[in-house]
Amino acid sequence: MSRVAVAAAVLAVTGVTLGAAPAAAQTVDGALDGIERPAAPGDPVRSAEIDQRTAEIGATLRCPICRQQSVAESSARIAREMQDVIRTMLMDGRTAEEIEAYFVEAYGPWILLKPRAEGMNLFVYAGPGLAFLLGGFLVARRIRRGRSRDEEARDEPAPLDHLRKADRKWLEAAIKGS
């Protein structure tokens, strides 16, 4: 899919038409009330802000081709197209949460590099801690069991102590002779 087609699809899904003015009323100084102003073509400061936000949002999304890299790191064509979509959505005034929701809806939750802590994903966050606690419990139990066996062994008489003196001598001689 070309960049133009992706941008057109995003614009169609969001309901934005080219050339349409923002619906918010403007104040006396020309700023939009409560809405981020879109980047003007010649505004280098605003373009730099959008490029930075595009990189930040792209760093949270997984590249569908590379899978080990974020969209911001990847050089795959689809990653570049995804960054263009992010940039277009930012210029249209979308928030990072809305952009993330768009990609989660399109690709599923695996597109997020950091999974949300909900449902089965809780195991990703709680699993290592629970495994550490379980391991500590098992080690402590094993140490306690070993100590109690040592104490029992000290309390028991030696194996030949309960025999009469004559029987003990005969048994020791038999052991040495064999």
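**Figure 1. Arg87 and Asp51 join side chains in a salt bridge.** The N-to-O distance in this pair is 3.1 Å. The model shown here and in every view is predicted. Arg87 sits in helix H3 and Asp51 in helix H2. The two residues are 36 apart in the chain, so this bridge links distant parts of it. Look at how open each partner is. Arg87 has a relative accessibility of 25%, which makes this residue partly exposed. Asp51 is partly exposed too, at 38%. Why can two such side chains pair at all? Opposite charges can pair when the charged atoms come close.

**Figure 2. Arg87 also bridges to Asp84.** Here the side chains of Asp84 and Arg87 meet at 3.2 Å, N to O. Both residues belong to helix H3. They are three residues apart, about one turn of the helix. Asp51, Asp84 and Arg87 are linked in a network of salt bridges.

Figure 3. The N-to-O distance is 3.3 Å. Glu81 is buried, because its value of 9% falls under the 20% cut-off. In total, the structure holds three salt bridges.

**Figure 4. The largest nonpolar core has 17 residues.** Which members touch the most others? They are Ile57, Leu61, Ile86, Leu90, Ile99, Phe103 and Ile111. Three helices each supply at least two residues of this core: H2 (44-58), H3 (77-91) and H4 (96-107). Helix H3 gives the largest share, with six residues.

**Figure 5. Ile57 has contacts with Ile86, Leu90, Ala96 and Ile99.** This list leaves aside neighbours within four places in sequence. Find Ile57 first, then trace each partner in turn. Ile57, Ile86, Leu90 and Ile99 are among the core residues that touch the most other members.

**Figure 6. Leu130, Phe132 and Leu133 form a nonpolar patch on the surface.** Together, these residues have about 380 Å² of accessible area. Phe132 is found in helix H5, which covers residues 122-155. Is Phe132 buried or exposed? Phe132 counts as exposed, because its relative accessibility is 67%.

**Figure 7. Helix H6 lies largely in the open.** This helix covers residues 165-177. How many of its 13 residues are buried? The number is zero, so the helix is largely in the open. Now check its length. At 1.5 Å a residue, the 13 residues should span 18 Å. The end C-alpha atoms are 18 Å apart, which agrees.

**Figure 8. The whole chain puts the close-ups in context.** The chain has six helices and zero strands. From the N terminus on, its elements run α-α-α-α-α-α. Buried residues make up 20% of the 178 residues. Take the contacts with a separation of 6 or more: 42% of them come from residues 24 or more positions apart. The accessible surface of the chain comes to about 13,000 Å². Carbon and sulfur atoms account for 59% of that surface.

Definitions and conventions: Residues numbered from 1 in each chain as written. Predicted model: local features only at pLDDT ≥ 70, side-chain atom pairs only at ≥ 80, totals over all residues. Heavy atoms only, no water. Core = buried A, V, L, I, M, F, W, Y, C linked by side-chain atoms within 4.5 Å. Buried < 20%, exposed > 50% of the residue type's maximum accessible area, 1.4 Å probe, protein only. Helix = DSSP H or I, 4+ residues; strand = E, 2+ residues; numbered from the N terminus. Contact = heavy atoms within 4.5 Å. Salt bridge = Lys/Arg side-chain N within 4 Å of Asp/Glu carboxyl O. Patch = residues over 30% accessible without salt bridge, like charges linked within 9 Å, V, L, I, M, F, W, Y side chains within 5 Å. Areas by Shrake-Rupley, 256 points an atom, 1.4 Å probe, with all protein chains shown as cover. Expected span 1.5 Å × (residues − 1).
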